[in-house]
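Subject: Structure for you, with notes on the contact between the chains

Hello,

Here is the structure I said I would pass on. My notes follow below it.

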Amino acid sequence: MKKKIGVYVCHCGGNISDYVDVEKVREEIEKDEGVFLAKTTMFACADSNQKDMVTDIAEKQLDGAVVASCSPKLHLLTFSAVAERAGLNKYNYIHANIREQASWAHSDDKVGATEKAIQIVKAAVAKVKRSNALEPIRVEATNAVAVVGAGVAGLRSAIELAESGSQVYLIEREFFVGGRVAQWDDLFVSNETGKELITRLYDKAMNHKNITLFTGAEIVENSGSVGNISLKVKVSPRHMKLNCDEGNLEKAIEVCPVEVPDKFNFNITTRKAIYHNFPGEYPQLPVIDMEHCTRCGECEKVCKNVDFSQQEEFLNIKVGSVLLATGYDPYEPKNDEFGYKTIDNVVTLPQFKRLVHYCDDKLVYKGKEVKNIAYIYCVGSRQVDGENKYCSRYCCTATIHAAITAKKKYKEIYNFHFNRGIRTYGKQEVLYDESSRMGDIYLQSFEDHPPVVSKVGDKTMVTIKDILTADKTLEVEADLVVLVTGMVPRQDNSIGSLLKVPKGRDNFFNEIHMKLRPVETVIDGVTIAGASQGPKNIMESMNSSLAAATKSFSLIAAGELALSPTIAKIDADNCEWCGKCDDACPFSALTKTDVNGKQVAVVNEAVCKGCGMCMPVCPSNAIELIGYTDDQIESMIDALVSTH
Amino acid sequence: MARINPKFTKELQSYGAFDTNACYNCGNCTAVCSLSDEDNSFPRKMVRYSVLGLESEIESSLEPWLCYYCGDCSATCPREAEPGELMMSLRRYLTSKYDWTGLSGMLYKSLTTSIIAFVLLAIGVIWFAAEQNFMPEHLLHYGHYFEMLAIGGVFLVILLPNLFRMWNMVIRKPKVKVPISAYFKSFSELIVHMFTQKRTLGCDDSQTRWFEHLILVIGYLSLLFTTVFLDWFATDSSFVLILGYVESVIIFSVTFIFMIGRVNKKTQQSKNSHPSDWFFVIWLFLMGLSAFVVRLFIDLDILETNIWMYLIHLTVLVQWALIIVPFGKWTHFLYRSFAMYFEKLKSLSAS
């Protein structure tokens with residue numbers, strides 16, 4: 001029990017002293033046996049008072065300090081820092097809130113407010129008497145990061161981390177890098193193609209000694225905690241030793257009898273079982289798709305580097321942090337949503353972009369030349385009835401860009417944009433300007449009157465009640481209907497489930513704080529980048545991937561982590577493993593361990609957040625929360641309810 | 001249900017429209033327009049119809065005629081889409097649509113065609129004069145005869161059927177039910193607007209424009225009357241003589257001011273001049289000036305020795321009466337006032 005406690009009661013200008021008799025509070029508190037000095041001050045947070053406190057604590061060798069002032073949200077850290085400057089452990093400083101909880105709350109009852117303030121300060125004094133000096137928990141950190149996803153965000157993060165000095169394991173589930181961006185041609189603003197961007201990033205990443213790329217790879221197991229995460233990675237074989245000799249690959253592809261829809265082109269084309277997505281793709285090594293391969297052996301005859309003997313491999317890696325850049329899936333419209341799959345000339349935006357890629361001088365879909373193109377916006381985004389309430393951000397710009405591209409590439413193209421308000425925000429507005437000056441027609445409706453796609457004879461008609469033409473019903477005969485599909489989270493969320501990364505209401509990975517901590521998750525050591533977190537364009541993905549890389553790096557860069565000591569502690573003597581604490585823990589910080597032949601719970605110090613969820617469920621009361629022990633809390637309750 | 005026709009803007013551009021597609025539907029043009037009201041909201045609606053190519057909606061609209069081109073809309077358009085000039089082009093487009101011969105459209109759309117027509121008529125006049133051996137008396141006689149014939153002929157063959165077509169497009173086709181009595185009750189509307197153009201006073205810009213235009217109209221109509229019915233070139237009455245001089249001076253002075261305005265481009269409505277605008281003011285100017293000089297030559301007794309002067313006048317007159325009056329900008333005199341008339345009929349049918 002401490003006997004040299006200093007108490008400072010703040011006037012807060014008049015915010016407190018107008019209603020609370022601070023002098024009386026001081027007098028009452030002074031009577032407490034542990035209190036060595038009690039002072040009032042006009043502004044406790046003022047520099048002069050902070051200096052006085054430092055002098056008092058240091059010269060009078062105080063062993064505890066209390067400031068009775070405003071909310072700890074405002075100044076707890078201020079006075080903790082004062083304590084530390086004076087050489088007092090910051091856990092021996094306790095904050096009492098007599099402004100929000102007394103003077104402001106009871107401005108109609110000065111006597112009552114003063115009474116309450118006295119009790120609050122007494123409770124704080126009771127706690128500080130029983131407080132202990134605590135030191136942060138130090139954990140050794142491995143200076144390595146697993147970057148999941150080798151799209152544009154993953155590649156960029158990997159380069160940044162590698163250049164900062166971390167070892168990077170870049171883990172890509174597909175057999176080729178580049179993700180969605182590799183699927184796009186010209187991009188706005190730079191007019192580079194997606195392929196060019198990926199090539200630049202890939203070259204840079206592959207030339208860096210710190211980066212190891214795994215393709216066809218997935219994390220299947222995860223253990224440990226921030227600083228020391230063990231991952232088990234499953235690597236699927238390509239069944240190719242090396243690339244085929246010059247020209248032989250084309251022959252091998254030609255002789256393969258299997259044809260399956262090509263996912264890379266969103267199923268508008270087919271590919272063989274031995275394939276690469278496009279010539280020159282990275283890594284420049286084709287793959288045999290064993291799911292569809294019939295093992296007829298035809299390709300082996302023309303390409304000697306085919307190797308059916310390759311097996312799945314499992315690797316164990318140890319990292320300090322995991323950066324998730326797993327990207328998004330394009331929304332897949334439901335059957336008959338705007339005629340999708342029921343009307344033959346309805347495609348999605350990604351399909352349209354690939355179609356424009358493959359059509360050279362004429363835009364042809366299913367054998368028919370296309371002149372009039374109707375784009376229907378916000379399909380799968382900003383849903384009224386569905387779950388996707390969010391705007392997918394990129395699609396307005398991407399659509400207008402695609403429309404301009406088509407108009408420039410082919411003769412006599414007419415674009416009709418059936419939108420719900422164009423959101424080409426920021427610099428992208430120039431595209432909207434360009435397209436409307438080129439003669440693209442914009443038609444707008446509210447969410448309750450979406451456009452209707454219907455088949456009239458052999459013609460596809462799109463009708464709308466256009467709010468820009470005084471709600472007149474207008475129709476367009478469309479040769480092609482493009483559904484502007486937004487972004488949705490990856491269908492396969494196995495990595496998210498494995499790492500227990502929480503999802504937001506939109507089902508994308510969730511950050512801690514949208515504005516202030518935008519790339520961290522509540523899982524320590526796991527950061528998120530790019531469209532895995534929510535719809536983003538490439539520029540925004542780059543911003544977030546650089547931020548996530550920096551955040552991951554800063555966690556592990558020092559070689560050790562300093563974690564808060566206010567965590568759960570198990571009394572092994574009392575614990576009889578029942579598992580209830582483990583069920584209650586949202587962070588999986590508790591594990592069953594054998595201690596001297598007894599099964600007890602052990603807290604993983606690097607994982608526990610000190611939330612206290614485990615304490616009330618423990619039937620034998622074997623759990624204490626350091627910094628908030630039963631003894632401390634009970635003494636505070638006693639002080640609050642005592643009469644003087 | 002209306003079908004969108006994206007090719008229409010190209011068509012409209014041949015009548016002089018600017019970058020109509022630049023419009024992003026902000027509606028500033030309609031907000032600043034001092035003539036637009038709830039019943040007739042323009043120009044945004046017409047811009048929208050034009051962008052979408054809703055031809056039947058445009059054909060049945062009177063709005064282009066209800067706009068008197070103060071130019072506020074063009075001046076405030078954030079996209080510089082020139083809505084005022086679009087309304088002007090729509091008036092040319094509608095003029096062509098009303099014209100059963102189709103010649104209006106050809107002349108509006110092609111400067112070459114217009115020039116060829118002017119040249120052919122000039123050759124015709126000179127050929128005719130040569131046939132008459134350039135006899136002053138014969139020429140003056142046939143000139144006067146032509147005037148009367150042209151007025152009647154053009155009105156009966158071209159203008160009257162075109163007015164009927166206009167009525168058909170704006171009243172009958174859209175099935176506006178107008179009681180017969182309304183046609184009589186509203187007739188005064190037609191006359192008032194035809195001779196005063198008082199709607200221009202609703203425009204926020206300077207009212208000198210209305211005044212200049214008014215005295216030009218009065219000067220023109222009375223000179224027409226003076227030459228055709230009072231036979232100014234052959235009159236003995238000193239009153240008629242002086243009247244004719246005054247009227248012709250008014251015409252060439254006001255049109256001169258208009259021409260200077262179009263050259264200087266200081267006001268919004270004079271910024272963009274279509275060839276048909278130029279033809280209209282120049283020929284009116286030449287008509288006034290040549291009539292003045294011809295009469296002066298008669299008074300000085302030098303016309304017989306300078307018959308070329310009368311040939312110039314006759315050429316200008318024939319070109320005016322056979323090109324500009326039936327197929328050119330002159331028609332706005334009729335269509336504007338009939339538009340006010342039809343608008344009145346529509347409002348009576350609605351109530």
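The contact is made by 19 residues of chain B and 21 residues of chain A. Please keep in mind that this is a predicted model.

Putting the two chains together buries about 1,800 Å² between chain B and chain A, and carbon and sulfur atoms account for 55% of that area. On the side of chain B, B:Met1, B:Arg3 and B:Ile4 provide 29% of the area this chain buries against chain A, more than any other three residues.

Charged and polar pairs:
- The rule finds 6 salt bridges across the interface of chain B and chain A.
- One of the salt bridges links B:Asp19 to A:Arg437, with 3.0 Å between the closest N and O atoms.
- There are 13 residue pairs in polar contact across the interface of chain B and chain A, with both residues at pLDDT 80 or more.

As for where the touching residues of chain B sit, the elements that give two or more of them are β1 (2–3) and α3 (44–52) of chain B. α3(B) gives the most, with 5 residues. By type, the side of chain B that touches chain A consists of 10 nonpolar, 2 polar and 7 charged residues.

Strand β26 of chain A (residues 472–478) is joined to β1(B) by 2 bridges, and the two strands run parallel. Within this pairing, A:Leu474 stands opposite B:Ala2 of β1(B).

Regards

Methods:
Residues numbered from 1 in each chain as written. Chains lettered and ligands numbered in written order. Predicted model: local features only at pLDDT ≥ 70, side-chain atom pairs only at ≥ 80, totals over all residues. Heavy atoms only, no water. Contact = heavy atoms within 4.5 Å. Buried area = accessible area lost by both parts, 1.4 Å probe. Salt bridge = Lys/Arg side-chain N within 4 Å of Asp/Glu carboxyl O. Polar contact = N/O pair within 3.5 Å; in protein donor to acceptor, adjacent residues only side chain to side chain. Helix = DSSP H or I, 4+ residues; strand = E, 2+ residues; numbered from the N terminus. Nonpolar A, V, L, I, M, F, W, Y, C, P; charged D, E, K, R; others polar. Pairing = 2+ DSSP bridges.
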